[in-house]
Amino acid sequence: MTPERRPLIAGNWKMHFGGAAGVELAQAVAQLAPALARVDLVIAPPFTALAACAHECEGRRVQVAGQNLHPGDAGAFTGEISAPMLIDAGCRWVILGHSERRQLFGEADAFVAEKVASALRAGLTPIVCVGETLDERTGGRTLEVVSRQLVAFLDVIAAAQAPVAIAYEPVWAIGTDKNAGPAEAQEVHAAIRRHLGGKSAALASRTRILYGGSVKPDNARDLLAATDVDGALVGGASLDAASFGAIAGAAEALAAR
Ligand code: PGA
């Protein structure tokens with residue numbers, strides 16, 4: 001594993017913990033950080049809690065991510081938030097192309113690619129999500145779908161020379177307590193890395209590929225031990241600091257071996 005592929009454990013809070021409770025959760029995560037020196041920790045609170053959480057985490061080895069952005073820097077886009085605004089709120093990261101955005105809000109591959117470009121222009125590190133639905137998996141189309149989603153933003157990340165993380169999140173595993181087994185995850189992660197390598201060896205060796213979809217303290221170790229799994233994007237289990245800490249602890253123990 002290259003130094004750029006330090007384990008990354010990111011918590012996607014979704015539409016939870018938007019106010020004072022969010023700051024408390026951020027503080028609890030920050031308290032875990034000293035015991036997790038080999039792991040990068042990121043939390044993605046709702047927009048309304050970003051600045052307060054970023055303030056809480058300042059200097060404490062926990063960085064803050066937006067859960068989405070609009071690709072424009074400013075303008076008449078009611079209800080949207082831009083990359084420079086996320087930077088201004090103290091974010092260093094942004095989650096893009098989450099399957100909930102793709103499925104519930106109709107975000108297409110090309111729009112996700114525009115968002116990735118905008119994030120990189122502003123100096124945010126994107127965590128770009130890809131993943132297949134259950135129908136696509138049972139139809140044997142997993143690798144085809146994931147490569148289509150990846151190819152849409154591959155040129156953008158290859159040109160940027162800046163770090164990017166990709167999260168493989170099988171849609172059928174999100175919030176369902178069904179997760180891909182380590183071998184299933186590894187197969188897709190390896191395919192993603194091969195694609196990156198087709199662009200450039202440097203891109204393949206610097207890009208962290210996270211697994212997401214029902215990652216919990218009891219399955220984290222096996223998933224994180226897979227060769228091409230460089231961390232986790234955690235939804236439900238990130239809403240409890242002890243569970244999030246246990247997942248990050250599994251990454252820490254593996255990195256210490
Ligand atoms: P989950 O969510 O861990 O609750 O399955 C993961 C995600 O949607 O990023």
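The side chain of Asn 68 makes a polar contact with the side chain of Lys 115, at 2.7 Å. A polar contact here is a pair of N or O atoms within 3.5 Å; within protein, one must be able to donate a hydrogen and the other to accept it, and residues adjacent in sequence count only if both atoms are side-chain atoms. This is a predicted model, in which local features need pLDDT of at least 70, side-chain atom pairs count only at pLDDT 80 or more, and totals for chains, interfaces and linings use all residues. Residues are numbered from 1 along each chain as its sequence is written, and side-chain values use heavy atoms, with hydrogens and water left out.

**Asn 68 in its loop**

- You will find Asn 68 in the loop between strand 3 (62-66) and helix 3 (83-88). Helices (H or I, at least four residues) and strands (E, at least two) are DSSP runs, numbered from the N terminus.
- Asn 68 has a relative accessible area of 7%, so it is buried. Buried means under 20% relative accessible area, exposed over 50%, and partly exposed in between (1.4 Å probe, protein chains only).

**The largest pocket**

- Asn 68 is also one of the 18 residues that line the largest pocket, and it is among those nearest the pocket's centre, together with Lys 14, Gln 67, Arg 101 and Phe 105.
- The largest pocket holds about 470 Å³ of space. On a 1 Å grid over the protein atoms alone, a pocket is an open set of points with protein on both sides within 12 Å along at least five of seven lines, a cavity is a set of points where a 1.4 Å probe fits but cannot get out, and lining residues have an atom within 4 Å of a point. Grid points are joined across faces, edges and corners, and a volume is the space filled by probe spheres set on the points.
- Helix 4 gives the largest share of this pocket's lining, with 3 residues.
- By class, the pocket lining has 9 nonpolar, 5 polar and 4 charged residues. Ala, Val, Leu, Ile, Met, Phe, Trp, Tyr, Cys and Pro count as nonpolar, Asp, Glu, Lys and Arg as charged, and the others, Gly among them, as polar.

**Around the ligand**

- There are 13 residues around the ligand, and Lys 14, His 98, Glu 169, Gly 175 and Ser 214 come nearest. To be near, a residue needs one of its heavy atoms within 4 Å.
- This shell is made up of 4 nonpolar, 7 polar and 2 charged residues.
- An N or O atom in the side chain of Lys 14 is 2.7 Å from an oxygen atom of the ligand.
- A polar backbone atom of Gly 236 is 2.8 Å from a ligand oxygen atom.
- Ser 214 sits in the loop between strand 7 (208-212) and helix 10 (217-224), and it is buried, because its relative accessible area is 9%.

**The cavity**

- A search of the whole structure finds 1 cavity of 30 Å³ or more.
- The lining of the largest cavity includes Ser 99, Gly 131 and Glu 169. Helix 4 (99-104) and strand 5 (125-130) are the elements that give two or more residues to this lining.
- Gly 131 lies in the loop between strand 5 and helix 6 (134-138), and its 8% relative accessibility is why it counts as buried.
- Gly 131 and Ser 99 are 32 residues apart along the chain, and their C-alpha atoms are separated by 7.4 Å.
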